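Please read this briefing alongside the sequence and the structure. The notes that follow are grouped by topic.

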Amino acid sequence: AMTASLGGGAAGTGGLGDGGTVDIDYRDGAALLVGGNLIAKADGLGGSSLLGSGGAGIGDRVTISNSDGLGGSLTVTGSTELSASGFGGLSQASGGVGGFATGGAVTVRPQSGTMSFAALTGRADATGGAAGAGLGGAAQAGQVRVTSNGGALASGDLNMSANGTGGSGSTAGGNGRGGTSEYGASAGTATVNGNAVLESRGTGGASASGTGGSGQGFQSNIFAVTGATSTIQGNVTLDSRGFGGNGRIGGSGAGGGTVDPVTQVTLNGSAIFAAAGTITIAGLATLDSGGVGGNGLDGAGGPGGSGGSGTAGVSTVFAANRDAGTSTISIGSLTARSDGKGGSGGTGQSGISGTAGGAGGSGTGGLNTITAAAGNGSLTVGTLTMTAFGTGGVGGAGGFGDGQTGGRPPERQASGPT
């Protein structure tokens with residue numbers, strides 16, 4: 001006789017949630033009027049699973065344009081909300097993984113004619129799925145671009161976000177990566193008759209028993225090139241910070257932006273850039289590319305957790321030299337921050353023999369640059385504040401008992417260049 005031993009079937013994974021496409025396109029000089037609110041979403045929501053891993057959530061695409069470039073107009077008298085965000089599914093299984101999340105693309109771009117919004121919000125966020133007994137899902141944000149390519153683009157208050165947030169997980173938090181938020185004009189005009197907020201933050205997921213996820217910011221920028229004009233009548237916030245998740249060991253947090261070691265060109269981060277174009281910001285412009293480490297949790301049967309490292313990125317204002325014309329940037333007040341701050345260490349456990357507190361994480365400052373290039377770069381700022389602090393995290397206190405030591409931050413608290 002022959003017998004076979006068959007294993008149990010695998011637990012079901014949550015299903016994929018893949019957003020579709022929303023296109024709003026006015027052609028042949030048409031006039032399109034929306035007399036109330038405009039809501040357009042192409043989000044992806046991954047399915048949850050009780051016994052398996054969460055499903056992936058993928059945002060797809062929302063586009064508003066006049067693709068034929070033959071003029072015309074779009075007017076929205078109410079608020080406009082556009083979203084192509086991804087949300088990973090929840091996992092409740094032991095050893096399961098939260099669903100991965102990917103943001104899509106939101107694009108608003110007149111080729112000619114006029115495009116007007118009373119208030120405009122665009123999101124391409126990503127949120128990883130939580131895992132109650134496993135690894136939190138990772139998240140990669142997408143891109144939001146609101147730009148003029150030859151027309152006249154105008155709005156009231158503008159809010160743009162491409163934030164990536166890792167899911168929480170008991171064994172480890174998911175990593176979160178920011179995307180791109182971009183506003184400006186490559187031709188024509190782009191005007192905000194109010195305040196503008198552009199975000200591309202990365203935030204790591206928390207973990208009760210393991211390491212917090214890492215958080216990496218990416219790119220938030222305003223630009224004007226080749227004779228175009230970008231104007232913001234109120235205040236501007238460009239935020240590309242990174243935040244590590246809290247955990248038994250805090251996750252690392254890194255701000256957006258790097259400097260190419262060969263060309264010394266700044267890549268990504270928080271930036272205002274003009275090349276033969278004009279940028280005017282009437283109010284306060286705040287650029288932030290900081291990195292903040294996650295905190296270590298208090299000891300539970302052991303020492304306090306250590307804080308994660310915080311490493312800042314790059315914040316840049318650059319008026320370039322171009323043969324095609326003067327590059328002009330005018331800002332009422334400017335604050336540029338590239339501060340790195342380590343996470344705090346957790347408190348040790350108290351008992352008959354108390355345990356040690358966790359060490360604070362390292363903090364490393366980044367780079368701020370403000371440049372009017374020789375030739376025809378012109379830059380005017382009313383008041384200017386720039387910081388690139390490096391601050392180590394606070395060490396956790398030792399638990400009460402037999403006099404265990406507290407944690408301590410790193411010996412060196414580095415301050416980045418300015």
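A101 stands opposite A139 in β14, and two bridges join strand β10 (residues 101–102) to strand β14 (residues 139–140), the two running parallel. Strands here are DSSP runs of E with at least two residues, numbered from the N terminus, and two strands pair if DSSP finds at least two bridges between them. This is a predicted model, in which local features need pLDDT of at least 70 and side-chain atom pairs count only at pLDDT 80 or more, while totals for chains, interfaces and linings use all residues. Residues are numbered from 1 along each chain as its sequence is written, and side-chain values use heavy atoms, with hydrogens and water left out.

**Sheets**

- β10 and β14 belong to an open sheet of nine strands with parallel pairing, in the order β1-β6-β10-β14-β18-β22-β27-β33-β37.
- The edge strands of that sheet are β1 (17–18) and β37 (363–364), each of which pairs on one side only.
- Another order, β5-β9-β13-β17-β21-β26-β32-β36-β40, describes an open sheet of nine strands, again with parallel pairing.
- β5 (44–45) and β40 (390–391) stand at the edges of this sheet with a single partner strand each, so one side of each is left without a neighbour in the sheet.
- The partner of β5 is strand β9 (residues 86–87), paired in the parallel sense over two bridges, and L45 has F87 in β9 as its bridge partner.

**Largest pocket**

- The largest pocket holds about 280 Å³ of space, the volume being that filled by probe spheres set on grid points joined across faces, edges and corners.
- A pocket is an open set of points on a 1 Å grid over the protein atoms alone, where a 1.4 Å probe fits, with protein on both sides within 12 Å along at least five of seven lines; lining residues have an atom within 4 Å of a point.
- Of the 13 lining residues, T266, N268, A271, F273 and T316 are the closest to the centre of the pocket.
- β30 gives the most to this lining, with three residues.
- The lining divides into five nonpolar, seven polar and one charged residue.

**Positive phi**

- Most residues other than glycine have a negative phi.
- D28, in the loop between β2 (21–25) and β3 (31–34), is not a glycine, yet has a positive phi of about 55°; with 64% relative accessibility, D28 counts as exposed (over 50% relative accessible area, 1.4 Å probe, protein chains only).
- A276, in the loop between β30 and β31 (278–288), also has a positive phi, near 55°, but A276 is buried at 7% relative accessible area (buried meaning under 20%).

Methods
Helices (H or I, at least four residues) and strands (E, at least two) are DSSP runs, numbered from the N terminus. Ala, Val, Leu, Ile, Met, Phe, Trp, Tyr, Cys and Pro count as nonpolar, Asp, Glu, Lys and Arg as charged, and the others, Gly among them, as polar.
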